[in-house]
Amino acid sequence: MRPAPTRIEPIFTPRLWGARSLAPLFPEKSNLTEPLGEAWLTGVDCRIASGPFAGKTLGAAWTEMQVQWRGTSLASVRDFPLLVKFIFPTDKLSIQVHPDDAYAAEHEQAAGGRGKTEMWHAVSAGPGAHVLVGLVPKADAERFLRAIETQTLEDLFIHWRVQLGDTFFVPAGTPHTIGPGMVLCEVQEYSDLTYRVYDYGRLDALGKPRELHIEKALDVIEFGRPISGKASRIQLPGHGMQVSLLTACRYFATERWKIAAPIGVHSDPEHFDLLVILAGSGNVTWGSASAMYQSGECWLIPAGLGKFSVNPNELSKILRTYVPDLAALRANLERNGHSWQQLAKTVFD
């Protein structure tokens with residue numbers, strides 16, 4: 001089956017803290033009767049919209065994809081490895097933490113057995129937008145529990161102002177929450193394991209408090225861990241476009257492309273790429289074929305596609321994310337003159 005750029009249809013999920021309009025990314029999702037909080041771009045139940053797997057779910061298509069689609073480094077990976085989503089908060093999310101792979105493998109096999117390390121990129125941010133990522137050094141389990149009881153838990157967190165284009169790295173074991181007034185693109189391990197520790201007294205649709213997972217959260221929170229928080233981007237050679245590495249770890253690497261004129265690109269035979277269109281429109285061409293793209297879309301670029309081009313009709317901002325060989329990525333950045341001090345703020349072990 002010949003590789004071809006493949007568009008994936010999103011799935012939208014209601015959330016108590018969500019928005020009633022997802023414009024401009026999804027202008028058709030306006031004047032909603034219930035708030036939508038997330039658009040899952042690569043959920044395994046998302047439908048393939050174009051290419052030879054059109055009509056199938058991403059999960060089903062992944063089981064059929066050969067090495068020229070997946071890439072040599074992912075040929076034997078059982079499950080689709082990356083979950084990408086947009087988040088649309090108009091209220092605070094719950095304060096929560098995610099387990100790492102080791103804890104999930106031991107305690108959460110029924111939920112997939114994978115931990116959750118993630119990153120957020122601010123697609124938009126209004127005045128006062130902020131996130132809480134990580135605890136202050138004085139925080140320990142005793143203070144944490146006492147703060148839950150006294151409803152002062154936010155006081156133990158590091159508060160980060162969010163501006164357009166900011167990126168945050170949130171490894172497993174790091175307590176966090178997201179505030180209102182922004183739109184984020186989240187890239188993460190494919191896992192939905194969340195331990196909720198505080199929910200601001202909210203009630204669900206049935207009028208009941210949502211479940212908390214304080215005991216498990218205390219098992220996985222790494223008190224005293226140095227906080228990564230806001231990442232620093234690294235400029236990369238662009239070959240006709242502006243390219244920045246936003247953050248990288250062993251689970252994902254994410255770049256931001258800014259394209260004003262047609263550019264030629266080569267796929268990487270080691271891995272597929274995901275291209276998330278943050279803004280703009282245009283077309284992708286490969287061989288004698290082409291397809292239109294627009295904001296809000298997610299495209300899978302097969303590893304064996306070879307040369308293709310991105311031709312914007314207007315300035316386009318795109319996130320490229322993939323599963324990296326982290327050691328090779330780090331070595332390449334060092335060869336190109338980036339210091340370990342620079343790498344420490346962008347590339348995480």
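## Contacts of Phe88

Contact here means heavy atoms within 4.5 Å. In this predicted model, Phe88 is in contact with a set of residues beyond its neighbours within four places in sequence: Trp17, Gly18, Ala19, Leu22, Leu25, Phe26, Leu36, Gly37, Ala39, Met182 and Val183.

## Nonpolar cores

Phe88 also belongs to the largest nonpolar core, which has 46 residues. Together with Phe80, Phe86, Leu274 and Val276, Phe88 is among the members that touch the most others. Several elements supply at least two residues each to this core: strand S3 (36-40), helix H1 (58-64), S4, strand S6 (118-125), strand S11 (182-189), strand S18 (273-279) and strand S21 (298-301). S4 gives the most, with four residues.

As background, nonpolar side chains in soluble globular proteins tend to be buried together.

## Overall dimensions

The chain contains seven helices and 23 strands. Its radius of gyration is 20 Å, close to the 20 Å that the globule rule gives for 349 residues, so the chain is as compact as a globular protein of that length. The C-alpha trace spans about 65 × 50 × 40 Å along its principal axes.

Of the 349 residues, 53% are buried. The chain exposes about 15500 Å², and carbon and sulfur atoms supply 51% of that area. Among contacts between residues at least 6 apart in sequence, 73% join residues at least 24 apart.

## The seven-stranded sheet

An open sheet is formed by seven strands in the order S2-S3-S4-S11-S6-S9-S13, with antiparallel pairing. Strand S2 (11-19) and strand S13 (229-230) are the edge strands, each pairing on one side only. Within the sheet, S6 and S11 run antiparallel and are joined by seven bridges. His121 stands opposite Cys185, which lies in S11.

## Salt bridges

Side chains of opposite charge can pair when their charged atoms come close. With a cut-off of 4 Å between a side-chain nitrogen of Lys or Arg and a carboxyl oxygen of Asp or Glu, the count comes to 20 salt bridges. One of them joins the side chains of Asp79 and Arg78, with an N to O distance of 2.9 Å. Asp79 counts as partly exposed because its relative accessibility, 36%, lies between the limits of 20% and 50%. Arg78 has a relative accessible area of 66% and is therefore exposed.

Arg202 takes part in two salt bridges: one with Asp91, where the closest N and O atoms are 3.5 Å apart, and one with Asp199, where they are 2.9 Å apart. The pair of Asp91 and Arg202 links distant parts of the chain, 111 residues apart. Asp91 is in the loop between strand S4 (82-87) and strand S5 (95-97), and Arg202 is in the loop between strand S12 (195-198) and helix H5 (214-220). Asp91 is partly exposed at 35% relative accessibility, whereas Arg202 is buried at 14%. Asp199 is also buried, at 5%. Elsewhere, salt bridges that share partners join Arg15, Glu38, Lys85 and Glu186 into one network.

Notes:
Residues are numbered from 1 along each chain as its sequence is written. This is a predicted model: local features need pLDDT of at least 70, side-chain atom pairs count only at pLDDT 80 or more; totals for chains, interfaces and linings use all residues. Side-chain values use heavy atoms; hydrogens and water are left out. Buried means under 20% relative accessible area, exposed over 50%, partly exposed in between (1.4 Å probe, protein chains only). A nonpolar core is a set of buried Ala, Val, Leu, Ile, Met, Phe, Trp, Tyr and Cys residues joined through side-chain atoms within 4.5 Å. The radius of gyration is taken over C-alpha atoms; the globule rule is 2.2 Å times the number of residues to the power 0.38. Accessible areas come from the Shrake-Rupley method with a 1.4 Å probe; for residues, only the protein chains shown count as cover. Two strands pair if DSSP finds at least two bridges between them.
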